[in-house]
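User: Please go through the labels used for this model and show what each one rests on. I would like the value set against the cut-off every time.

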2 protein chains.
Amino acid sequence: MREAYHEELAAISDGLVEMTRTVASAMERATSALLEADLALANAVIGDDRSVDRLHHDLEDRAIALLARQQPVATELRIVVTALRISAEIERSGDLARHIAELARMRYPSCALPTDLQATIGDMGALAQQLMSQAADVIASRNIENAVCLERADDQMNQLHRAVFEQLRESTWHHGIESAVDVALTARYYERFADHAASVARRVVYLVTGRHNDQPSDLLALAR
Amino acid sequence: MREAYHEELAAISDGLVEMTRTVASAMERATSALLEADLALANAVIGDDRSVDRLHHDLEDRAIALLARQQPVATELRIVVTALRISAEIERSGDLARHIAELARMRYPSCALPTDLQATIGDMGALAQQLMSQAADVIASRNIENAVCLERADDQMNQLHRAVFEQLRESTWHHGIESAVDVALTARYYERFADHAASVARRVVYLVTGRHNDQPSDLLALAR
């Protein structure tokens with residue numbers, strides 16, 4: 001009985017890591033679709049989001065079944081509750097990757113981004129993919145120091161977000177209204193995506209330490 | 001023991017309703033701050049978001065404590081799990097109200113919105129507040145028909161969202177880039193807020209029926 005229990009817990013954790021890696025990859029592909037105005041790839045990302053939704057529902061059902069059958073307490077209870085929360089965050093993150101693919105599709109055959117923004121948006125896409133991959137690693141390892149690093153990398157995303165909004169000032173923007181709105185929303189999707197990755201890290205910290213804490217430096221002190 | 005248990009469950013549900021009403025009210029006040037360029041009100045909304053975060057953490061801690069102490073099964077387990085999920089959605093909704101207040105503060109003493117957009121944004125704000133209040137009622141009553149109505153009202157928000165983006169077309173927009181970006185992001189905040197309210201309704205439906213279902217018509221069939 002106990003063995004089956006720990007297998008179920010491990011399966012939930014593995015499912016979460018798989019789902020998180022799937023969403024990291026979806027964001028990478030959505031970014032390519034956006035930068036290269038690749039309609040087939042955009043459609044693939046949009047279609048694949050349903051499989052993320054299914055993974056999310058499966059994980060929820062399994063977590064609730066485990067709570068009912070095994071009635072975990074202490075750390076194991078926190079693992080299951082955290083898995084439920086993280087699963088919801090990752091599902092929302094998948095929606096954000098889909099939104100970027102939808103924008104690529106809506107503007108096809110044009111590229112939704114002006115040439116001089118493509119490098120920055122490319123950086124945001126690469127960072128988003130990297131942060132979500134790191135979130136998957138943090139879920140798998142429950143390593144608090146890595147979780148804190150993830151929070152810091154989220155600051156990099158905020159800097160890129162600000163850089164995009166600098167370019168959106170009246171005096172320097174020559175690409176029209178529609179493009180400004182596309183760029184602003186795209187930047188926001190990446191920023192939210194990174195925020196979800198950081199939030200996953202915070203939830204893992206809460207799992208390990210039992211403390212809600214939004215101060216990375218305090219978390220690092222806890223980890224030492 | 002059983003009596004204490006049901007009191008705890010009721011307290012969690014009451015806390016959730018309170019938190020949801022607080023966030024509905026925050027969105028109403030944020031909308032007033034935006035439309036009237038009211039700095040004091042904007043600052044109040046921004047400050048009050050911390051109390052929503054505290055309510056969220058308290059609810060989480062109480063739900064986890066209840067899971068550990070009482071080890072609920074079946075419906076009661078689902079109530080607690082649903083409360084955890086809804087609490088996270090409402091916390092995010094509170095952030096969106098704060099974002100709108102932050103925009104009002106950033107553009108003060110100007111109004112962030114062009115005059116000809118104020119009526120539509122006012123409608124979005126009123127609908128957002130109404131949907132979140134309805135979500136609070138649905139949490140309290142677990143009434144599936146009301147939950148389905150909430151989903152339909154979410155369609156109204158999508159219509160308003162599209163109407164705003166119609167006005168953001170090149171040929172008709174005369175308010176500059178910064179204003180276009182402000183309006184696009186604001187519309188998006190309201191749309192996300194309404195989406196959270198609808199998602200709360202879906203979670204209550206899942207609680208009552210045990211089915212994940214995104215088709216309102218199917219839900220209504222279930223309710224009958």
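Analyst: Contact here means heavy atoms within 4.5 Å. The model is predicted.

User: Which residues of H4(B) and H6(B) meet under that criterion?

Analyst: On the H4(B) side they are B:Leu117, B:Ile121, B:Met124, B:Gly125, B:Ala128, B:Leu131, B:Met132, B:Ala135, B:Val138 and B:Ile139. On the H6(B) side they are B:Val183, B:Thr186, B:Ala187, B:Tyr190, B:Phe193, B:Ala194, B:His196, B:Ala197, B:Val200, B:Ala201 and B:Val204. By class, this contact holds 18 nonpolar, three polar and no charged residues.

User: Why are H4(B) and H6(B) called roughly parallel?

Analyst: Their axes cross at roughly 20 degrees and come within 9 Å. Angles under 35 degrees count as roughly parallel, and H4(B) and H6(B) are therefore given that label. The crossing is left-handed.

User: What makes H4(B) and H5(B) roughly antiparallel or roughly parallel?

Analyst: The axes of H4(B), residues 115-141, and H5(B), residues 144-167, cross at roughly 165 degrees. The cut-off for roughly antiparallel is over 145, so H4(B) and H5(B) are roughly antiparallel to each other. Their axes come within 10 Å, and H4(B) passes H5(B) in a left-handed crossing. The contact of H4(B) with H5(B) has 14 nonpolar, six polar and three charged residues.

User: Why is B:Val164 called buried?

Analyst: Buried means under 20% relative accessible area. B:Val164 has 0%, so it is buried. B:Val164 lies in helix H5 of chain B. Leaving aside neighbours within four places in sequence, B:Val164 is in contact with B:Leu117, B:Thr120, B:Ile121, B:Met124, B:Val183 and B:Ala187. The C-alpha atoms of B:Val164 and B:Ala184 are separated by 7.7 Å, at 20 residues apart along the chain.

User: What makes A:Thr31 buried?

Analyst: A:Thr31 has a relative accessible area of 6%, and the limit is under 20%, so A:Thr31 counts as buried. The residue lies in helix H1 of chain A, residues 2-36. Beyond four places in sequence, A:Thr31 touches A:Ile100, A:Ile121, A:Gly125 and A:Tyr190. Between the C-alpha atoms of A:Thr31 and A:Ala11, 20 residues apart along the chain, the separation is 30 Å.

User: How do you know whether A:Ser199 and B:Ser87 are buried or exposed?

Analyst: The limit for buried is again under 20%. A:Ser199 is at 5% relative accessibility and so counts as buried; B:Ser87, at 1%, also counts as buried. A:Ser199 is found in helix H6 of chain A and touches A:Glu89 and B:Arg92, not counting residues up to four places away in sequence. B:Ser87 is in helix H3 of chain B.

User: What makes A:Ala74 and A:Arg142 stand apart in phi?

Analyst: Most residues other than glycine have a negative phi. Phi of A:Ala74 is near 50 degrees, a positive value in a residue other than glycine. A:Arg142 has a positive phi of about 50 degrees, although it is not a glycine. A:Ala74 is in helix H3 of chain A, while A:Arg142 lies in the loop between H4 and H5 of chain A.

User: Why is A:Ala74 called exposed, and why is A:Arg142 called partly exposed?

Analyst: Exposed means over 50% relative accessible area; A:Ala74 is at 55% and therefore counts as exposed. A:Arg142 is at 34%, so partly exposed is its label.

User: Which residues does a cis peptide bond join in chain A, and which in chain B?

Analyst: Most peptide bonds are trans. In chain A, a cis peptide bond joins A:Tyr108 and A:Pro109, with omega about 5 degrees. In chain B, a cis peptide bond joins B:Tyr108 and B:Pro109, with omega about 10 degrees. A:Pro109 is in the loop between H3 and H4 of chain A, and B:Pro109 is in the loop between H3 and H4 of chain B.

Terms used. Residues are numbered from 1 along each chain as its sequence is written. Chains are lettered from A and ligands numbered from 1 in the order in which they are written. This is a predicted model: local features need pLDDT of at least 70, side-chain atom pairs count only at pLDDT 80 or more; totals for chains, interfaces and linings use all residues. Side-chain values use heavy atoms; hydrogens and water are left out. Axes are lines fitted to C-alpha atoms, for helices over the stretch in contact, and angles run from 0 to 180 degrees between N-to-C directions. Helices (H or I, at least four residues) and strands (E, at least two) are DSSP runs, numbered from the N terminus. Angles under 35 degrees count as roughly parallel, over 145 as roughly antiparallel, 65 to 115 as roughly perpendicular and the rest as oblique. A crossing is left-handed if the near helix is turned anticlockwise from the far one by less than a right angle, and right-handed if clockwise. Ala, Val, Leu, Ile, Met, Phe, Trp, Tyr, Cys and Pro count as nonpolar, Asp, Glu, Lys and Arg as charged, and the others, Gly among them, as polar. Buried means under 20% relative accessible area, exposed over 50%, partly exposed in between (1.4 Å probe, protein chains only).
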